[in-house]
Amino acid sequence: MASEATVINMVARTSLWLQPHRIVLILVALGLVLSAVFFMRWDWLPQYYEMGLLGIWRSLWILALTCALGFLIAVPVGLAQAAGSFWFSAPAKVFCTIIRGTPLLLQLWLLYYGLGSLFPQYPWIRESWMWPYLRQAWPYGVLALTLSFAGYEGEVMRGAFAGVPKGQLEAARAFGMSRWKIFRRIWLPQAFYRALPTLTGETVLQLKSTPLVATISVIDIFAVSSKVRQDTYLTYEPLLLLALIYMTITGILVFTFGKIEARIPNKIG
Amino acid sequence: MLGLLHSLEIAVGATCVGLLIGICGAYGKLYGGPVVRDLLAVYTTIVRAVPELVLILLLYYAGTDLINQVLTAMGYQRIDISGLVAGIAVLGFVQGAYSTEVMRGAILAIPQGQIEAARAYGMSPGLLLRRITLPAMLPFAIPGLANLWLIATKDTALLAVVGFFELTLATRQAAGVTKAYLIFYLAAGVLYLAVSLFSNLMLGRLEAWSRRGMPSVKDAR
């Protein structure tokens, strides 16, 4: 009985969504996609297929790594701003202001061309074990993206830490929890729940800034599409496919975060 | 310095174009017919899901190419579209999607009675927009729009990738010539930061001005 009702409900919702003008719009969109498939050149696809997959994999890997590291930095930065004394909160605030006040492209180039040009001048760096890494481009890209994510997310975490009701922390202290335990069991989880919707947006923004690393010669999916464009002299096809790939990743990210958000208890505070 | 000027020119132009698109888009989303509403939903979703860099490349090349093809098809000569106009148009198109959403939220935050009262007075839609909707939504829209302006100033750096001469590209060239990479990049960073901080100050004042006469939230507690 119940399942029948849900089926009817679903049918009703679908028919509400599929109004006549929407069907026409979908047909138009399908026509555009089909004309793109048939009238544009896609014969380069098999040749660059593996390279593209590698590029997507690298983009995702950079995204995951920088988000995780950036969040780890953002927690102390946010905590310092929300509850720290002047000597902790002032540097954290300056860090956030600088990161958020300058373009990411400039930060990236500053690290890669600026710092990267300094290192070879010192022989002891050239001889150390770090040199094989410092010679490559990706550590600079990861560092710049991590710092940028930490700067933006630190500001979000500041608000989230400050937003946890005072009574919760007082109750935890009354239970005799140690300070570390309060932070681990009460403060951080509640702040995290509060920051989660913003975290989705920040992650999508981070995904959209990963193609910048292509400008310092890291081969991600964006760099692959640039290479295709240079090799085949095609302007639109690689870019359109690239836009489609990014939209798909964004969709998956938003969907996943939505699932996570639905799992957390929504009666907080 | 010429680079900074170019950056600011583009940022201001793009924000103006974006605001215009935003107002039209928000009106279309709220009051438009079903087709307009769906098309706008597609526009804002796609623009906000694709990286700005990809959009800039796509629109920069596709836009100039399209205009030239239309012109040749109509029998005119090909024209060279300057980087400035193309940059403003492209960034404005991107900003428009974001400001559409900001404005839509701001218009929805206006108490419904104000708009109904204006309609009851027999105001024409244009007058209603100018006298009631725009001023009343301003305090709700300014925080979001301030964010957009700051994003616009930083997005101009992306135009360096398509070879437009603005602050970041100027810095890169100067640094490449003099080999003093660190100094030039730090200087450019300070310039961007100064622009951001200065606009923060001004926007704070603007918000205080647009909120004039509204009761402060602090007193309510």
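A residue is classed as buried if 20 or more other C-beta atoms lie within 10 Å of its own, as exposed if 12 or fewer do, and as partly exposed in between, with C-beta atoms placed from the backbone. The structure is a predicted model, in which local features need pLDDT of at least 70 and side-chain atom pairs count only at pLDDT 80 or more, whereas totals for chains, interfaces and linings use all residues. Residues are numbered from 1 along each chain as its sequence is written, and chains are lettered from A and ligands numbered from 1 in the order in which they are written.

In helix α7(B), the buried residues are Leu167(B), Thr168(B), Leu169(B), Thr171(B), Arg172(B) and Ala175(B). Helices here are DSSP runs (H or I, at least four residues), numbered from the N terminus. The buried residues of α7(B) pack against α5 (104-118) of chain A, and also against α1 (2-31) and α8 of chain B; contact requires C-beta atoms, placed from the backbone, within 7 Å. The end C-alpha atoms of α7(B) are 16 Å apart, which agrees with the 16 Å that its 12 residues should span at 1.5 Å a residue, the expected span being 1.5 Å times one less than the number of residues. Just after α7(B), Lys179(B) adopts a positive phi of about 65°.

The contact between the chains draws 32 residues from chain B and 28 residues from chain A. On the side of chain B that touches chain A, two or more residues each come from α2 (34-49), α3 (52-73), α7 (167-178) and α8 (181-210) of chain B. The largest share of this side, 10 residues, is supplied by α8(B).

Within chain B, helix α5 (residues 112-120) and helix α6 (residues 125-155) pack at an angle of about 170°, with their axes 11 Å apart. Axes are lines fitted to C-alpha atoms, for helices over the stretch in contact, and angles run from 0 to 180 degrees between N-to-C directions. α5(B) is therefore roughly antiparallel to α6(B) (an angle over 145 degrees). Gln114(B), Ile115(B), Ala118(B) and Arg119(B) of α5(B) meet Leu128(B), Ile132(B), Thr133(B) and Ala136(B) of α6(B).

In chain A, Ser217(A) lies in the loop between α10 (179-209) and α11 (221-232). Its phi is near 65°, a positive value in a residue other than glycine. Most residues other than glycine have a negative phi. Ser217(A) counts as exposed because it has 12 C-beta neighbours inside 10 Å.

Note on methods:
Contact = placed C-beta atoms within 7 Å. Parallel < 35°, antiparallel > 145°, perpendicular 65-115°, else oblique.
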